[in-house]
Amino acid sequence: MSAASLSRVPVTIITGFLGAGKTTLLRHILHKAQGHRIAVVVNEFGSLGIDGEILRGCGIEGCRDDDIVELTNGCLCCTVADDFLPTMEALLDRADPPEHVVIETSGLALPKPLLKAFGWPTVRNRMTVDGVITVVDAPAIATGRFADDPDAVAQQRAADPSLDHDNPLAEVFEDQLNAADLIVLNKTDLLSAEELAQVEAEVRRLSPRPIKIIRATEGKVDPAVLLGLGAAAEADLDARPSHHDAEDGEHEHDDFESFVVPVPEQASVEAFLTQLQDVASTFDVLRMKGFASVQGKPMRLAVQGVGTRFRHEFDQPLPAGADRSGRIVVIGQKGLNEAGIRAALSHGAA
Ligand SMILES: Nc1nc2c(ncn2[C@@H]2O[C@H](COP(=O)(O)OP(=O)(O)OP(=O)(O)O)[C@@H](O)[C@H]2O)c(=O)[nH]1
């Protein structure tokens, strides 16, 4: 390792599809790495800034609010020059610069344009990508979320040989796997040993290089394993093919959309969760997350859905007299029935 690289601030990029468990893994890193100055940059698809709020509310000692920087102005991979690089420079120029930077990309971000950004003159000599960690939602693979329909692919290829996927989720997922220096196979609690072995074999088959795969539940992996990979990934781009290489990194997330839906105060947690699950399944929603209030409850209800699987917690007190309406971010493939979803969530669940 050269003297220059020794003095560069290491950056870990956490990528992985919507809801794979990136924020959960990040929280675990922050909990376990207390005493180290880690700055966190979070980017979300959908404008509510929920991940930033979850991380800020983590209550971890030594984790200061200004160590968590949110980039909500579009997907990181598309806003590299406008948003991302100035943010990195500002972190480096602080009086007490971080020892390590961890970036959580949005679930729809392609990691390669981000990696390329570390070759830009303003950061090239000051930062190095220590490693790309790809968090994989093991049950989503088991249910074929990222799989193509072979007949549809064959048909599309006949029409246009340059196309290789019929499923945009498969494309994002593969780009994220291709960029990885380490793969965390998360949510192992939701699969049997046999299913897990199949999923791991599938991930290995899809990876372009022999990459270490670590199984995890709730992102619980020792930060000593995650940080300090020394990959210098920005100097190794050719080993990380992207479906968008031919487009010189230019792309838009045309295949996905997101919007924020206001929700009224709810009568009960259970009824609200049932309503959300119904909406997720009826309208084929990929991801929902947000906050609401429940009658008679002084705390705010945080809800998270990946497909139809939901979790909730009362995460913090609502100030007396606060507005008790809530907001939910909805993310799915293009063509979501937005009006239908808004209508379904506009009345409190009975
Ligand atoms: N059962 C189970 N649920 C998990 C596990 N890890 C995370 N989750 C849940 O999965 C949901 C999504 O987790 P997040 O950490 O927010 O996922 P993310 O990748 O940051 O999501 P986006 O930023 O929206 O792409 C949350 O409800 C988590 O509590 C796990 O190992 N097992």
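Predicted model: local features only at pLDDT ≥ 70, side-chain atom pairs only at ≥ 80, totals over all residues.
The chain comes to 13 helices and twelve strands, and its assignment gives domain 1 (3–247) and domain 2 (256–346). There's a ligand too, and the shell around the ligand takes at least three residues from each of these domains.

**The chain as a whole**
- Of the 350 residues in the chain, 39% are buried.
- Take the contacts between residues at least 6 apart in sequence: 79% of them join residues at least 24 apart.

**Around the ligand**
- Helix α2 gives the largest share of the shell around the ligand, with three residues.
- Both α2 (22–32) and β10 (299–306) supply at least two residues each to that shell.
- There are 22 residues around the ligand, and the ones that come nearest are Lys 22, Thr 23, Thr 24, Gly 107 and Gln 304.
- Sort the shell by residue type and you get four nonpolar, ten polar and eight charged.

**The seven-stranded sheet**
- Seven strands make an open sheet with parallel pairing, and their order is β3-β2-β4-β1-β5-β6-β7.
- At the edges stand β3 (68–71) and β7 (212–215); each has a single partner strand, so one side of each has no neighbour in the sheet.
- On average, neighbouring strands of this sheet are turned by 20 degrees against each other, direction ignored.
- Val 136 has its bridge partner in β6, namely Leu 185.

**The five-stranded sheet**
- Another open sheet has five strands in the order β8-β12-β9-β10-β11, and here the pairing is antiparallel.
- Its edges are β8 (256–263) and β11 (309–317), each with a single partner strand, so one side of each is left without a neighbour in the sheet.
- From one strand to the next, the twist averages 15 degrees.
- Strand β9 (residues 287–292) pairs with β10 in the antiparallel sense, over six bridges.
- Ala 292 has Leu 301 as its bridge partner in β10.
- Helix α12 (residues 269–282) packs on the sheet, touching β9, β10 and β11. The direction of α12 makes about 135 degrees with that of β11.
- Helix α13 (residues 338–346) lies across β8 and β12 (326–333), and runs at about 25 degrees to β8.

- The chain is assigned domain 1 (3–247) and domain 2 (256–346), and the contact takes ten residues from domain 1 and 14 residues from domain 2.
- On the side of domain 1 that touches domain 2, six residues are nonpolar, four are polar and none are charged.

Note on methods. Residues numbered from 1 in each chain as written. Near = placed C-beta within 6 Å. Helix = DSSP H or I, 4+ residues; strand = E, 2+ residues; numbered from the N terminus. Nonpolar A, V, L, I, M, F, W, Y, C, P; charged D, E, K, R; others polar. Domains from an automatic or database assignment. Pairing = 2+ DSSP bridges. Axes fitted to C-alpha atoms, helices over the stretch in contact; angles between N-to-C directions. Contact = placed C-beta atoms within 7 Å. Buried ≥ 20, exposed ≤ 12 C-beta atoms within 10 Å, placed from the backbone.
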